[in-house]
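Please look through the sequence and the model below before reading on. The paragraphs after it go from the whole chain to its parts.

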Amino acid sequence: MSESIADSIHQLFRKLHQHPELSNQEYETTKTIRSYLQKAHIRILELGAKTGVIAEIGSGSPVLALRADIDALPINEQTASNYKSQTPDVMHACGHDVHTSILMGAAYLLKQHEQDLKGTIRLLFQPAEENFSGALQFIDIGALKGVDAILGLHNNPNLAINQMASRAGPFSANVDRIEITIKGVGAHAARPESGIDPIVIGAQIVSAIQTISSRTISGLDAVIVSITKFLGGNTWNVIPETVEMEGTVRTLTPQVRAKVKQQLQSIIENIAIAMGAKAELRWFDGPPSVINDDKWVEFAQSIAKQMNYEVIDFKPQLGGEDFAHYLHQVPGAFINLGSQSSYALHHPKFEINIDMIMPAVNYLYILAKQALIELEHQSTGIK
Ligand SMILES: [Zn+2]
Ligand SMILES: [Zn+2]
């Protein structure tokens, strides 16, 4: 690999890390990505994205999309790094700067070998992953038009830099948000019999919904229901009229997701009715679970082995990832590459080991190039 690609990709990484931008505000990041693409004469598609960039290398079909997310988080960086964030309270604490840099590096290599490509590589530098809106924005403007398969990666601080992890089937969770309102009847705290106490009802609801995972859903299926906010009342001697709650539900499959939703509704409404109150559940769908295609996972793993990565079997995570939206439209795989940080993603001291960058660039380059050949084989039936 030419020294100059490594230099410019490390430079890009430091620049992005020093100038992080929040979801849907990635204006400078977008300019930087465009200028790096233009420097390499990579074709930018003008599809009307406000932030983020879509570009292409090669021509004709098949079309393989590669996605990197580009946004940062509202966190004040606390590392001792010499390329620390220069924007207070904003930090690339999820490593989207490294994803962007790896994709750019792979793009540079793919561009150098454009004549050898058996189809088109579409590069998706996607905004707003952290608020789960970017993938849908990109799908809306036609980012997946003509795409036959998609691959995406995320760094994983728990893995060493030579480790790759993925799994067939569910990889991340359905991430849904819930709001619950309980409407009782306010009263003097000394005369509860003249009111309907929404705090006591709320407490019973909080306990009862924990039986969903233990009594309603199989022990082999993952379910988390967490109530994270419980608001009611404003003084010591008045029973309030209402209680408001918020929380999140995490599941891995569409079937379990639907069952939990139904059961929550039933528990909340019926406990309230039994106590003479009214309760309402408002459910907000977040990103669905990333469901990896078996064949693409196997393919990504086999190339990783060839590139001397240690392939690790992965347990599904109950966090969210909006790459899921792409996988609902086209087959593909989402994988993890080790970034070997002592601190977790979203931690103010999170810091990747930069030695992961160039092996990842090389891997993604070979993976993309070979994936086009694989797609060609799939369409002609030749194996
Ligand atoms: Zn994140
Ligand atoms: Zn992330």
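How many helices and strands are there in the protein chain? There are 10 helices and 16 strands; helices (H or I, at least four residues) and strands (E, at least two) are DSSP runs, numbered from the N terminus. This is a predicted model, in which local features need pLDDT of at least 70 and side-chain atom pairs count only at pLDDT 80 or more, while totals for chains, interfaces and linings use all residues; side-chain values use heavy atoms, with hydrogens and water left out. Residues are numbered from 1 along each chain as its sequence is written, and chains are lettered from A and ligands numbered from 1 in the order in which they are written.

Along the principal axes, the C-alpha atoms of the protein chain fill a box of roughly 80 × 50 × 40 Å. Of the 383 residues in the chain, 52% are buried. Here buried means under 20% relative accessible area, exposed means over 50%, and partly exposed is in between (1.4 Å probe, protein chains only). A contact means heavy atoms within 4.5 Å. Among contacts in the protein chain between residues at least 6 apart in sequence, 81% join residues at least 24 apart.

Next come the metal ions. Donors are N, O and S atoms within 2.8 Å of the metal (3.2 Å for Na, K and Ca), and water is not among the atoms, so sites may look incomplete. Which residues coordinate the zinc ion (ligand 1)? The donors are Cys-94 (SG), Glu-130 (OE), Glu-130 (OE) and His-346 (NE2), at 2.0 to 2.6 Å. The four donor atoms subtend angles of 53 to 150 degrees around the zinc ion (ligand 1), so the arrangement is irregular. For comparison, four donors count as tetrahedral if all angles lie between 85 and 135 degrees; four count as square planar and six as octahedral if opposite donors are over 155 degrees apart and all others between 65 and 115; anything else is irregular. Along the chain, the donors of the zinc ion (ligand 1) follow the spacing C-x35-E-x215-H. The pair Cys-94 and His-346 links distant parts of the chain, 252 residues apart. Cys-94 is in the loop between strand E3 (63-69) and helix H3 (96-112), and His-346 is in the loop between strand E16 (332-338) and helix H10 (357-380). Cys-94 counts as buried because its relative accessibility is 7%, whereas His-346, with a relative accessible area of 37%, is partly exposed.

The zinc ion (ligand 2) is coordinated by Cys-94 (SG), His-96 (NE2) and His-154 (NE2), at 2.1 to 2.3 Å. In sequence these donor residues are spaced C-x1-H-x57-H.

Two helix pairs can be described by how they pack. Axes are lines fitted to C-alpha atoms, for helices over the stretch in contact, and angles run from 0 to 180 degrees between N-to-C directions. Helix H5 (residues 198-209) and helix H7 (residues 254-274) pack at an angle of about 150 degrees, with their axes 10 Å apart. H5 and H7 are therefore roughly antiparallel to each other. Angles under 35 degrees count as roughly parallel, over 145 as roughly antiparallel, 65 to 115 as roughly perpendicular and the rest as oblique. Residues of H5 that meet H7 include Ile-201, Ile-205 and Ile-209, and those on the H7 side include Leu-264, Ile-268 and Ile-271.

The other pair is helix H8 (residues 294-306) and H10, which pack at an angle of about 135 degrees with their axes 10 Å apart. That angle makes H8 oblique to H10. Among the H8 residues in this packing are Trp-296, Phe-299 and Ile-303, and H10 contributes residues including Tyr-363, Ile-366 and Leu-367.

One residue in a strand is Thr-251, which lies in strand E12 (residues 242-251). Thr-251 has a relative accessible area of 0% and is buried. Leaving out residues up to four places away in sequence, Thr-251 touches Ala-173, Asn-174, Ala-222, Val-223, Val-256, Arg-257 and Val-260.

The backbone is the last topic. Most residues other than glycine have a negative phi, and most peptide bonds are trans. The peptide bond from Ser-61 to Pro-62 is cis, with omega near 0 degrees, and Pro-62 is in the loop between strand E2 (53-58) and E3. Asn-24 has a positive phi, near 65 degrees, and lies in the loop between helix H1 (3-18) and helix H2 (27-39). Asp-89 also has a positive phi, of about 65 degrees, although it is not a glycine; Asp-89 is in the loop between E3 and H3. With 47% relative accessibility, Asp-89 counts as partly exposed.
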